[in-house]
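Please read this briefing alongside the sequence and the coordinates. It moves from the whole chain to a few local features.

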Amino acid sequence: MMQFTEAPPPALHQIITAPFSNLPMMNKNQTHRTRPWPGFPTSAKALGTNFGDANCMEQLLVHCAHAIETNDATLAQQILWVLNNIAPQDGDSNQRLTCAFLRALIARAARIGSCKLLAAMANSQANFTIHTHKFSVIELASFIDLTPWHRFGFTAANAAILEAVEGYSVIHIVDLSLTHCMQIPTLVDAIAGRQEGNVSPPLLKLTVAGSTEDVPPMLDLSYEELGSKLVNFARSRNIILEFRVIPSSYTDGFANLIQQLRVQNLVYAESGEALVVNCHMMLHYIPEETLTLPSINSNPNLSSCGSSSSYGYDVASSSSTSASSSLRTMFLKALRGLDPTVVVLVDEDADLTSNNLVCRLRSAFNYLWIPYDTVDTFLPRGSKQRQWYEADMCWKIENVIAYEGFQRVERVEPKCRWVQRMRNANFRSVSFGEDAVLEVKAMLDEHAAGWGLKREEEDVVLTWKGHNVVFATAWMPA
C-alpha cells in the first residue's frame, strides 16, 4: 500500500514527467515518426475525445505493457506521456484504476530491468513504494463492515456451517481467512442465537494458520493476542472457545497445518466432533499449475523444507501432469483425507493466473474496476479509510502486474475452476438453503443498490451492476 500522510503523495504526472523534463515535448508529427504497436492511436484526433473511456485506458495499458516487455522504450515513453495526462490518482474511478496499473507497470520495469529509463524513474522516487497499513482489530472490523466484499462470504458461510453442524456438541473450525478471524464473532453470535432453553451450547475449537506473509489487510497485533480477544468475546456470549495457532504458510500449501490436523484427527476420530474448514479468500495464494513442483526448490521460502515429503503431501504418488502436481490440488486432496463435516470456499470470481502479462493485465483490469467503482458509494474522498482501501487495491494490482514466480502471490481463479478442483478432490457440492439466501439478501439491503445476489446451481454469487464479484460454495465429502 502507499504511505499516506497528512499531505497526499505526489501526483503521478510529477513522478512520470520528472525524468522527461529535459526532453522536447512530443507532437503528433513526432508520434508518427516512431513505430507504434498495431492499434496504437497515431493522430491527435484519435488521442482526443475518448481518453476518459475505460476501454481506451485499457488499450493504452496493454500497449504500454507490450512495449515494456519488448524493451521498446520510445513507445513506452509515448504511452506514459498520454496516460500521465489522462489518469490522475485523484480522478474518477477509471482514472484512479488506470493510475494504479500505470504505477504497477513502472514498478515491473524497475524489477525486471527493461526500459532503463522507466526503471530509473521508479527507483528515483521514494514515494513510489507501496506500504501497508496495519489495522487494529476495531479498525479492521469497521473496515470490513463498509462493503459486502467480505460480509457476503461471512453471511453465506455461516449459514452453511450452522446447517452442517446442527446437533454436534463439539465444533472444530479451521479458519483459513484473509480477514484474520473477523468472521468468527459473527459465527459465535449466530450459534449463541440458536440456543434454546437449557440446552448447553457447543464447545468451539478454533484453529488458525499463523504465518508471516505480508498480505493485506494486516493486523497490528499477534494471533495470540487476537485469540485472547476472541475467547473473551465468545465468553460474553456464553460460548466456550478454545483457540489454537499452528504456524503454517500458503507457500507450501499449509503443509504443517494439514499434518497437525491429521494427528488431531486420529486422536478425536471417535469423539464425534464436527470438523469445519472455512476458506475465505485464502486458497488462491497457494501455488497452482503455473508454478509446478520442480520449481519449488528454487523458492527460498520452500527450499529449506528439504524433500517433497516435507510438504506434507505425497508428491511421488502424483501423476506427471501439471494438474496433479499443483500444491493447490494436493492441498484439497489432503483436506478430503481429513473427512471434514463441511468445507466452505469463498473467493473472488476472476482469473489472474495467466503467465502472459497482457492477458493477466486485461483480466485484472476488467475485474478490479469494481472496487474502484464501488468505493464512491461508501467512503468519502479524502477519508483515511478510503486511502487504506485504495492502497490495498494498489498492492494487489502491483503484485499481479509487477511480480513473477513465487513473488506473484495474487493468483485468483474463477469459480468454475475451483468447482472442478473440489470435484476432482472427491467433494460434492452442497446447496445453500433459502434461509441462507434470505440472510444474504437482508445483508445486501444495508448497502448500495448496485450490489446483487444470484444463484448458479448450488452456489451463490455476489454481483456489482450485474458483474460477478465473489462466489460462495459449500462442500462435503463425496
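The model is predicted. Its protein chain holds 17 helices and 11 strands, and of its 478 residues 55% count as buried.

**Whole chain**
- Among the contacts in the protein chain with a separation of 6 or more, 78% are accounted for by residues 24 or more positions apart.
- The accessible surface of the protein chain comes to about 20100 Å², and carbon and sulfur atoms contribute 51% of that surface.

**Helix 4**
- Helix 4, which covers residues 73–86 and has 14 residues, reaches 20 Å from its first C-alpha to its last, and this is close to the 20 Å expected at 1.5 Å a residue.

**Helices 9 and 10**
- Two packed helices are described by the angle between their axes and by the distance between those axes.
- Helix 9 (residues 184–193) packs with helix 10 (residues 223–236) at an angle of about 20 degrees, and their axes lie 10 Å apart.
- Because angles under 35 degrees count as roughly parallel, helix 9 is described as roughly parallel to helix 10.
- The crossing in which helix 9 passes helix 10 is right-handed.
- On the side of helix 9, the residues that meet helix 10 are Ile184, Pro185, Val188 and Asp189, and their partners in helix 10 are Leu230, Phe233 and Ala234.

**Backbone details in loops**
- Most residues other than glycine have a negative phi, and most peptide bonds are trans.
- The peptide bond that joins Pro216 and Pro217 is cis, with omega at about 0 degrees, and Pro217 is placed in the loop between strand 3 (203–210) and strand 4 (218–219).
- Asp339 has a phi near 55 degrees, a positive value in a residue other than glycine, and the place of Asp339 is in the loop between helix 13 (327–337) and strand 7 (342–348).
- Asp339 counts as exposed because its relative accessibility is 52%, where the cut-off for exposed is over 50%.
- Lys465 also has a positive phi, near 55 degrees, in a residue other than glycine, and Lys465 lies in the loop between strand 10 (459–464) and strand 11 (467–477).
- With a relative accessibility of 51%, Lys465 therefore counts as exposed.

Definitions and conventions:
Residues numbered from 1 in each chain as written. Predicted model: local features only at pLDDT ≥ 70, side-chain atom pairs only at ≥ 80, totals over all residues. Heavy atoms only, no water. Helix = DSSP H or I, 4+ residues; strand = E, 2+ residues; numbered from the N terminus. Expected span 1.5 Å × (residues − 1). Buried < 20%, exposed > 50% of the residue type's maximum accessible area, 1.4 Å probe, protein only. Contact = heavy atoms within 4.5 Å. Areas by Shrake-Rupley, 256 points an atom, 1.4 Å probe, with all protein chains shown as cover. Axes fitted to C-alpha atoms, helices over the stretch in contact; angles between N-to-C directions. Parallel < 35°, antiparallel > 145°, perpendicular 65-115°, else oblique. Left-handed = near helix turned anticlockwise from the far one by under 90°.
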